Each structure stands twice: as structure tokens, then as C-alpha cells.
Amino acid sequence: MSNARHLRSLLDLSPAETMRVVELAAQIKADPSLAAGSLAGKSIAMIFAKQSTRTRISFEVGIHQLGAQALALSSGGGTGMQMGRGESIHDTAKVLSRYIDAIVIRTYGQAQVDGLAEHGSVPVINALTDLYHPCQGLADLLTIHEHCGGTKGKKLVWVGAGNNVAHTLLLAGPRAGMDVVCCVPESLPPNAFVVERARRDAAAAGTTIELSSDPVAAVAGANVIYADTWVSMGEEEEAKRLLQLLAPYQVNDALMAAAGEQARFMHCLPAHRNEEVTDSVMDGPQSVVFDQAENRLHAQKALLMLLLGARSWT
């Protein structure tokens with residue numbers, strides 16, 4: 001079997017490796033010439049089963065800046081890949097590995113990412129599944145590093161429903177020395193396996209993982225308050241119920257005031273303004289959402305360089 005390194009989720013990275021990505025990303029952001037052309041001659045397949053703004057553009061631009069070729073492929077539709085017509089993940093992984101140097105995939109099921117990694121022989125990067133969003137998490141750590149003077153000892157509070165970004169931040173916390181509070185309605189909890197694993201990682205790292213359902217209490221002293229859309233892709237049918245359940249979890253001026261002036265507001269975007277977050281917070285002085293969006297580019301360039309051997313992990 002191949003010894004390719006993958007990013008199926010943050011579970012593929014140790015704490016030291018996680019912070020190595022962040023450190024390299026910060027260096028590249030400060031001086032893009034450090035990365036320019038470092039993957040010249042490589043080709044990277046980007047498979048999309050879901051709509052995408054930040055993921056597709058940041059990967060495509062980043063791959064170009066690294067000197068590599070980006071192939072943006074759809075898994076469905078009349079001009080999509082054969083996997084949209086039932087070609088197996090096993091066969092897709094074997095074939096792609098003969099042509100290209102890495103696979104980036106944004107899809108629904110985590111099993112597709114894991115299958116490509118298992119059967120292929122090139123690095124596979126999860127660019128979002130229903131379970132995890134690790135590239136977002138790495139960009140988030142870079143953003144916290146920049147705006148909060150590092151990640152160690154910081155408190156991040158997730159406010160909303162337990163979803164793929166919440167799961168990623170639960171795993172990111174212990175890897176970056178942060179405490180994480182996941183503040184969710186009891187009927188919309190994060191995945192139990194992820195919480196259990198995050199708690200084990202936190203115990204080893206000397207950090208804490210906490211579940212809460214009281215936003216005002218949860219955000220006290222937070223360095224970061226993090227929100228996401230309440231209705232994820234594929235949940236449109238349930239929208240009405242979700243909006244009612246989550247209304248008390250809106251991040252507004254009152255919640256930011258309860259946290260304090262040190263708190264920064266983060267959102268992985270796209271935002272449904274005046275649902276999960278008010279305009280006044282999104283566009284306010286404590287918001288770092290557009291720096292966070294930009295940091296997808298820098299974090300992913302660093303990740304690609306490390307996974308493809310253009311820089312060492314140590």
C-alpha cells in the first residue's frame with residue numbers, strides 16, 4: 001500500500017504537524033515567493049460534488065501559485081466524471097493515481113474521501129464532507145494565531161448546531177492548545193465519536209472540551225465566537241424547524257457584549273445574514289471573517305507543499 005500522507009480529517013495530523021501547517025502558512029502569507037513554483041510540474045485533481053466558492057477558488061489559485069496544474073472536475077451532471085454514473089471509488093482512485101499527484105475532494109459522504117485514500121496511491125485532501133471540514137480548520141487556526149496572539153490557552157466557542165465545522169474545531173482545539181466550548185441545542189449535538197475523541201485528545205494536551213446549551217454563559221471570556229449557517233447543504237427541507245430551534249443562538253451585539261471586547265467573531269461562510277449572525281456583528285470591529293476566508297488560500301498552499309514533499313514536516 002502507498003505511504004502517501006492524507007488529510008481526511010484533522011485526525012491525520014499530530015499537534016506538532018497541525019501547527020507546522022499554520023507556521024508555514026503564516027510564512028507564505030508574509031512572503032508568497034517562498035512557495036512560488038514549489039510544485040512545478042505537478043497536477044492536482046479537484047473533485048466537486050457540492051457547490052463551492054472559497055474552496056474551489058482558493059485551491060485553484062493556490063495550486064496555480066505553486067506552479068502546479070489544477071483540474072476542476074465535477075462528479076455529476078452531463079460533463080462530470082464517471083463516478084457520477086456509478087464508477088466505483090476503488091476504480092476512480094486507481095485510475096487518478098496513474099495521472100495526477102494529489103486529489104482534493106468536496107463531497108457528501110466521508111466514505112468517499114476514505115475510499116480514495118485507501119485505494120489510491122497519492123495524497124487525498126478532504127475539502128469538505130458532511131462530517132469534517134479540515135482545510136477550513138487549518139485556515140481558522142492561522143486566523144486565530146494572527147488575531148489572538150497565538151492559539152495556546154485561547155478559548156473558542158462554537159454557537160449553533162453540531163456540524164462538520166464544529167467537529168473540525170473540536171479536533172483542532174487540542175491540537176492547537178485551545179479550549180473549545182460547543183454551544184448547541186440539545187437536539188442538535190455534535191457527532192458522539194468526535195466529541196469522545198476530542199475529549200481524549202484534550203486530556204492528553206491539557207486543554208478542555210465542553211458541551212453547553214446556554215450561549216450567554218458559554219461565551220464569557222471567549223477569544224473566538226464562531227458561527228455557521230443553520231441550514232447546511234442538503235437540509236433545506238428541515239429549514240423551518242432548524243431556524244426555530246436555533247433562534248436563541250444568534251450571534252448579535254448582545255452576545256458579543258456578553259463575551260467581551262477581546263472576542264473575535266469568525267464564520268466559515270457563506271453567511272445567512274441576520275439568521276445566525278447580524279449584519280452589525282459580521283461587519284463590526286470584532287469580525288475577522290474576511291481575513292479568515294483569505295487564509296484558506298495560505299493554509300492550503302502550506303498543506304499541499306507538506307503533503308507533496310516540497311517542505312518537510314519537521
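The notes below go through the basis, the sheets and then the cores.

## Ground rules

This is a predicted model, so to speak of local features we need pLDDT of at least 70, side-chain atom pairs count only at pLDDT 80 or more, and totals for chains, interfaces and linings use all residues. Residues are numbered from 1 along each chain as its sequence is written, and side-chain values use heavy atoms, with hydrogens and water left out.

Strands here are DSSP runs of E, at least two residues, numbered from the N terminus, while helices are H or I runs of at least four. Two strands pair if DSSP finds at least two bridges between them.

Strand 1 (residues 43-48) and strand 3 (residues 102-106) run parallel, joined by five bridges, and Ile-44 stands opposite Ala-102 in strand 3.

## Around strand 8

Strand 8 (residues 224-227) pairs in the parallel sense with strand 5 (residues 155-159) over three bridges and with strand 9 (residues 264-267) over four. Val-157 has Ile-225 as its bridge partner, and Ala-227 stands opposite His-267.

Val-224 and Tyr-226 point one way, Ile-225 and Ala-227 the other, and all are buried (under 20% relative accessible area, 1.4 Å probe, protein chains only).

## The cores

A nonpolar core is a set of buried Ala, Val, Leu, Ile, Met, Phe, Trp, Tyr and Cys residues joined through side-chain atoms within 4.5 Å. The largest has 61 residues, of which Ile-44, Phe-59, Tyr-226 and Leu-304 touch the most other members. Helix 12 (residues 289-307) gives the most to this core, with seven residues. Apart from it lies another core, of 28 residues, including Val-159 and Ala-227.

Note on methods:
Buried < 20%, exposed > 50% of the residue type's maximum accessible area, 1.4 Å probe, protein only.
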